[in-house]
There are 2 protein chains.
Amino acid sequence: MERVIGIDPGSRVTGYGVIDSAPGGLHFVACGTIKTTVKAPFSHRLNEIFDGINEVIQLHGPAVAAVEDVFLASNPRSALKLGHARGAAVVAAMQNGLVVHDYSPRAVKQAVAGYGQAEKSQVQHMVRVLLALSASPSSDAADALAVAICHANRLFV
Amino acid sequence: MERVIGIDPGSRVTGYGVIDSAPGGLHFVACGTIKTTVKAPFSHRLNEIFDGINEVIQLHGPAVAAVEDVFLASNPRSALKLGHARGAAVVAAMQNGLVVHDYSPRAVKQAVAGYGQAEKSQVQHMVRVLLALSASPSSDAADALAVAICHANRLFV
């Protein structure tokens, strides 16, 4: 059994999802979002991402982190901002001693929906089905759970 | 008197420079570079930046961090990488309770060399003069000291 935290980083909203992965199947543990204070300085918002991920890891004790690669924005300014957010999240995982794996958005969609170009709503639906959840998680939390599932699928293939 | 750490983040080399800023003048405390392990996974290298900045802060106890804004690369891939590195450095300062200020490369060059388009060698030279150093610091350390000087100059104007 391995506990995996999936992280979908963003400067406004960072999604996280924790699952247990065992040969018998996947089990949902927790999911949610870290929303940064929109009007706060950017450094403060990065710190909120670090603190948020740190808190989730301390609470649920995953051994491994799977972090979604930032979709390569055409705009260097957006790429720069997303890079900061992702850096804060990765460092929070590393500081807790987790091994960090990166997965492209395409690989994540392929893993949960069987199709690299799947829509967000499809990902949400498939995450719900694969983890036997009674309701659909928010889009950002679903994306994070999908990254965790993507990693878990690689464990037992 | 205020102790300032200047940081010039980069995914390969992150420069740092610590100075004391007082109404009477600027005093050099320390400077150096954090070189990340080129062949290591990117997450590991980000963690090295975090650990390196953390160590310098713990050793020298600055109250404030001045971090150079990333020069906006024309290439989104470079911007993304630099964003990660800068995010790791900023979060290391924030986790130590420092106030973080951002300065553009232009403002930094203007502050130490009186000219926003100054060459790297000019910045190195002026940092040496302004801090009465017996030798020129490396280019990355000089850039970091320049950021700290840029912040210090704003304190007493």
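## Reasoning about the A–B interface and the annotated site

Across the interface of chain A and chain B in this predicted model, eight residue pairs are in polar contact, both residues at pLDDT 80 or more.

Q: Which helices of chain A supply at least two residues each of the side that touches chain B?
A: They are helix H1 (42–60) and helix H2 (76–95). H2(A) gives the largest share of that side, 14 residues.

Q: How many salt bridges does the rule find across the interface of chain A and chain B?
A: The rule finds zero. A salt bridge would need a side-chain nitrogen of Lys or Arg within 4 Å of a carboxyl oxygen of Asp or Glu.

Q: What makes up the interface in area and in residues?
A: The size of an interface is often given as the accessible area lost when the parts come together. Here chain A and chain B bury about 2,100 Å² between them, and 70% of that area lies on carbon and sulfur atoms. The contact takes 25 residues from chain A and 25 residues from chain B.

Q: Why is the relation of chain A to chain B called that of a two-fold axis?
A: A rotation of 180° with 0.0 Å of shift along its axis superposes chain A on chain B, with an RMSD of 0.0 Å. That is the relation of a two-fold axis. The same surface serves both copies, as 100% of the contact residues of chain A recur in chain B.

Q: What makes the "active site" residues A:Asp8, A:Glu68 and A:Asp140 gather at one spot?
A: UniProt places this feature at the three residues in an unreviewed entry. They span 133 residues in sequence, yet no two of their C-alpha atoms are more than 11.4 Å apart, so they gather at one spot.

Q: Why is A:Asp8 called buried?
A: Buried means under 20% relative accessible area, and A:Asp8 has 13%, so A:Asp8 is buried. The residue is in strand E1 (residues 2–8) of chain A. Among the residues that A:Asp8 touches are A:Glu68 and A:Asp140.

Q: How do you know whether A:Glu68 is buried or exposed?
A: The relative accessible area of A:Glu68 is 11%. The cut-off for buried is under 20%, so A:Glu68 is buried. A:Glu68 is in strand E4 (residues 64–68) of chain A, and the unreviewed UniProt entry also lists A:Glu68 under "binding site".

Q: Which residues does A:Glu68 touch, not counting those up to four places away in sequence?
A: They include A:Asp8, A:Arg86, A:Tyr103 and A:Asp143. A:Asp143 is also one of the residues touched by A:Asp8.

Terms used: Residues are numbered from 1 along each chain as its sequence is written. Chains are lettered from A and ligands numbered from 1 in the order in which they are written. Side-chain values use heavy atoms; hydrogens and water are left out. Copies are superposed by least squares on the C-alpha atoms of residues with pLDDT of at least 70 in both. Contact means heavy atoms within 4.5 Å. UniProt positions are given in the numbering used here, feature names are shortened, and annotations may be inferred rather than shown by experiment. Helices (H or I, at least four residues) and strands (E, at least two) are DSSP runs, numbered from the N terminus. Buried means under 20% relative accessible area, exposed over 50%, partly exposed in between (1.4 Å probe, protein chains only). Buried area is the accessible area (1.4 Å probe) that two parts lose on being put together, summed over both. A polar contact is a pair of N or O atoms within 3.5 Å; within protein, one must be able to donate a hydrogen and the other to accept it, and residues adjacent in sequence count only if both atoms are side-chain atoms.
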